[in-house]
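Have a look at the fold first, then read on.

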Amino acid sequence: MEICEKSILRYVTLILLLLAFNAHVLPNLHLGVENAVEAGFLWTDEGRQIRNLEQMQAQQTLKLNQVAYTALYVNLSYGLGWILEGGTPISAKSFAYGSRLVSLVAMNAFLLLCFGVAWRWFRSGPWAIVATILMAGQSLNLQFATKIHPEALMVLWVMVTLWGATVFLGSGKLWHLWVMVLGSALAVGTKPIVLFLLPWQLLVFGAALWLHRIRSFPVIWGMALSALLVFALGFTAASPYQAFHLLDWIQGLLSENAYSVGKYDLSSWYWFKIITDVRFLGPLFSAGLIFGLIAGTHHLYRSWKSITFQSAGVQPANLQSVDAQSVDAQSVDAQSVDAQSVDAQSVDAQSVDAQSTSSQMSDSRSEFLRKPLNLFFCVNVSWVVMGSGYILLKSHSFIHRYLMHVHVACLWILVLGMYWWWEKRSTRHKKWILPIGIVLLWGGIQPQWRESLRDLERRQKIMSQMPAHRAFYQELRQMIPSDAKLLYTRQVYLLPQDFPNALRAIPSHNLRFLEEADIEYLVVNRKGRPGLKMEGKLPNNEWGRNVEAGIQFWKDLEADQVNGAFKILKTYPHLKITLYQKSR
């Protein structure tokens, strides 16, 4: 009866946690955007996702705007939007709602998977709840739960891969290998930032061989070939266009570089990673991560050392049996048995004993690493080390969400280390450690919760201003001819299909456009003036000098309309927008 009550309490706590999580993020689900421009007001990348839809429907293709971008998230969003719309064409509003719903379902599935893994391996309901709270309380997980971006789906597949790798190392079963490979295929099919899952899986497969989970050579080849087949099928199902145009996808990966304002070296990248971890986890959880890593490593070292001593303790008993056999041999020799024959038997006994000791050591090592928590800790540490490699090689931008796929493993390292440290404490110590732990957990989650709440409020504020932006655009269409040559900045509501000669302001090359083309109008939002925050960080090259010249142009435009070259046609103070016309 008591066990049943504890199980009910565990499920009730999980349901309350999921309800609190969804209540926090659900307001973002209903942000009604009508086109890519409105989605871009919320976030530039969300506008790009809507443009993917527009391109797919206009050209009847599965090709995306970004060549190297894989398409599982877009395809799922498209399918759900098709269901909501009841057929094609799909409106941007239905696609956006479907995309947010895909992210929300993926994040809830991720939290349920984390709870299930922790409950099964910790064998403790409270620790399973603690692990789920840590995952649900992170600001990026809260923010991306309802954004039109694939991070939530990517995190789900990364978690599936980590779980599959752990159970495969523990059992060596074929279907566990398939789970790991399929999870990685879907993760890469969601976002190529997790491309280092491929060499990491080779490391996991090699570890399985070292642990003697797979012994037969034909079985090794069969499992490897089946894993390649599962990966190919999973990647093809996730992103069919990229799979059938693999060379274009590879070329896109090689040529795609994130936006950069300069070069960086290895040391600056490591500092970025440390700062990013602190920003994502928060100061308390970052300190907890370091403590968890130390505690987990210490636990594994002590466990391994204990097993080594136990295996070494077998040797004296074996040697005693060998000595006994030698004594027996001597007594037999005293009874006129050939001495050389007795020596040969003694050597054989020692050889058998050495083989037995080696076998016991191998069995002890296998038994030690067969424990799921030990394996899970090693799997997560190895993924943290290798998973950041793609960012180091490809990305030139220090953007904290680029490490979201390894932060999952960081949180598991924290939980495992704290769990092992807690288990070694006495009952008397646990009574006063428990309230302190609750306070620290609450203190660590609070800043993450507030940051996500600020992001939610910012997005709701932007959408509350959208009717004013739409009214401004209707007025703009009446004031400016559709064939006019105009330049506009970010945070300006303007549909390119209505103004084919319009160009969005980018300081690195728009000055040349101003000089060569007869620009008639400028539409400037003070919040969207490009590049002004990059001053002082620009590289000393042609690109940097162009950007610096562009920054100076926008400053002169605001100060004296570039020596009277432009005049103010109308201002919209509530939107912080100014409309300029070229002086005749």
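## Ground rules

Buried means under 20% relative accessible area, exposed means over 50%, and partly exposed is in between, with a 1.4 Å probe and protein chains only. This is a predicted model, where local features need pLDDT of at least 70, side-chain atom pairs count only at pLDDT 80 or more, and totals for chains, interfaces and linings use all residues. Residues are numbered from 1 along each chain as its sequence is written, and side-chain values use heavy atoms, with hydrogens and water left out.

## The overall picture

The protein has 23 helices and five strands; these are DSSP runs numbered from the N terminus, with helices being H or I of at least four residues and strands E of at least two. Of its 584 residues, 48% are buried.

Now for contacts, meaning heavy atoms within 4.5 Å. Take those between residues at least 6 apart in sequence: 74% of them join residues at least 24 apart.

## Salt bridges across the chain

A salt bridge here is a side-chain nitrogen of Lys or Arg within 4 Å of a carboxyl oxygen of Asp or Glu. The structure holds ten of them. One of these pairs Glu38 with Arg470, with the closest N and O atoms 2.7 Å apart. That pair links distant parts of the chain, since Glu38 is in helix H2 and Arg470 in helix H21 (residues 466–479), 432 residues apart. Glu38 counts as buried because its relative accessibility is 0%, while Arg470, at 25%, counts as partly exposed.

Lys147 bridges to Asp455, the closest N and O atoms being 3.9 Å apart. This one also ties distant parts of the chain together: Lys147 is in the loop between helix H7 (139–144) and helix H8 (151–171), Asp455 is in helix H20 (residues 427–464), and 308 residues separate them. Lys147 has 6% relative accessibility, so it counts as buried, and Asp455 is buried too, with a relative accessible area of 11%.

## Around Leu42

Leu42 is in helix H2 (residues 36–42). Leaving aside residues up to four places away in sequence, Leu42 touches Leu31, Val33, Arg100, Arg458, Arg459, Ile462 and Met463. Leu42 and Lys147 are 105 residues apart in sequence, yet 9.5 Å apart in space, C-alpha to C-alpha.

## Surface patches

Patches are built from residues with over 30% relative accessible area and no salt bridge, joining like charges within 9 Å and nonpolar side chains (Val, Leu, Ile, Met, Phe, Trp, Tyr) within 5 Å. Ile8, Val12, Ile15, Leu16 and Leu19 make a nonpolar one, with about 470 Å² of accessible area together. Leu19 is in helix H1 (residues 2–29) and counts as exposed because its relative accessibility is 54%.

There is also a positive patch on the surface: Lys461, Arg526, Lys527 and Lys576. Lys and Arg count as positive and Asp and Glu as negative, while His and the chain ends are not counted; the place of a charge is NZ of Lys, CZ of Arg, CG of Asp or CD of Glu. Lys527 is in the loop between strand S3 (521–525) and helix H23 (542–564), and at 49% relative accessibility Lys527 counts as partly exposed.

Conventions. Areas by Shrake-Rupley, 256 points an atom, 1.4 Å probe, with all protein chains shown as cover.
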